[in-house]
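Welcome, and thanks for opening the viewer. Let's walk through a few places together, one selection at a time.

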Amino acid sequence: MRLIGITGGIATGKSTVSQILQEHYDVPVVYVDRLSRMVVEPGSIALDKLVEVFGADILLPTGSLDRAKLRAITIHDPEKMDAVTEIVWPEIGKQMKRMMTNFEAIGVKTVCVENAVLIEYGNYELYDEVVVVTCKPEVQLARVMARDNQSEADAKAMIDIQMPLDEKEAFATFLIMNNGDLSVLRSQVDALYEGKIK
């Protein structure tokens, strides 16, 4: 089974690329961000551990994780961010392994995995292709501020947590530039499918 990694910085358009592949070409996509939400649902091992480390204040009245509050605690503190990573990522890994086993069992030949930190954790070596979705830095900053209703300082902090875009681009076997023109983006995704996935 071929694995296609789709990565890039926050708000560069990874999910848009993944959705085009899924909806227009029926390519299975594993969204790691969705898995990260699933593994911290109420009653999960990861959520219990997060509460142990950060306290019950990170919970909403419903018992669900208050992601905004946890982000506010960790966004300017790399050590706390690392603590979250050490709790959540092993659980994500378990879910990914289960999904890949299921895909193999039904004979799926190619799976895309959308993962913002594919390169940072060295996992890129496991993939047949590494697709990096990028954009101009000023476009990225504006998107983060608008999407997450963040101040410029907090948006920059969220961006700075990740590997710089130009460094990620160096790992790409296929590069997609997404500065906002959907037709241009679609033509690049079409080229990706035809050249690397089909």
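**First stop: α1 and α9**

Select residues 14-25, which form helix α1, and residues 182-197, which form helix α9. The axes of these two helices come within 10 Å and cross at roughly 65 degrees. Keep in mind as you look around that this is a predicted model. The crossing of α1 with α9 is right-handed.

Now show the side chains. From α1, pick Thr16, Val17, Ile20, Leu21, His24 and Tyr25. Their partners in α9 are Leu182, Leu185, Arg186, Val189, Asp190, Leu192, Tyr193 and Ile197. Colour this contact by class and you will find ten nonpolar, two polar and two charged residues.

**Second stop: α4 and α5**

Next, select helix α4 at residues 67-74 together with helix α5 at residues 78-105. Here the axes come within 7 Å, with a crossing of roughly 135 degrees. That angle makes α4 oblique to α5.

Which residues meet here? On the α4 side, display Leu70, Ile73 and Thr74; on the α5 side, display Lys80, Met81 and Val84. By class, the contact of α4 with α5 has four nonpolar residues, one polar and one charged.

Move on to helix α6, residues 137-148, and helix α7, residues 152-161. Their axes come within 9 Å and cross at roughly 115 degrees, so α6 is roughly perpendicular to α7. The crossing of this pair is right-handed.

To see the contact, show Gln140, Leu141, Val144, Met145 and Asp148 in α6. The contact of α6 with α7 divides into six nonpolar residues, one polar and three charged.

**Last stop: two cysteines**

How many disulfides does the structure hold? The count is zero. To look into this, select Cys112 and find the nearest cysteine sulfur: it belongs to Cys135, 20 Å away. Cys112 is therefore in no disulfide, since a disulfide needs a pair of cysteine sulfur atoms within 2.5 Å.

Technical notes: Residues are numbered from 1 along each chain as its sequence is written. This is a predicted model: local features need pLDDT of at least 70, side-chain atom pairs count only at pLDDT 80 or more; totals for chains, interfaces and linings use all residues. Side-chain values use heavy atoms; hydrogens and water are left out. Axes are lines fitted to C-alpha atoms, for helices over the stretch in contact, and angles run from 0 to 180 degrees between N-to-C directions. Helices (H or I, at least four residues) and strands (E, at least two) are DSSP runs, numbered from the N terminus. Angles under 35 degrees count as roughly parallel, over 145 as roughly antiparallel, 65 to 115 as roughly perpendicular and the rest as oblique. A crossing is left-handed if the near helix is turned anticlockwise from the far one by less than a right angle, and right-handed if clockwise. Contact means heavy atoms within 4.5 Å. Ala, Val, Leu, Ile, Met, Phe, Trp, Tyr, Cys and Pro count as nonpolar, Asp, Glu, Lys and Arg as charged, and the others, Gly among them, as polar.
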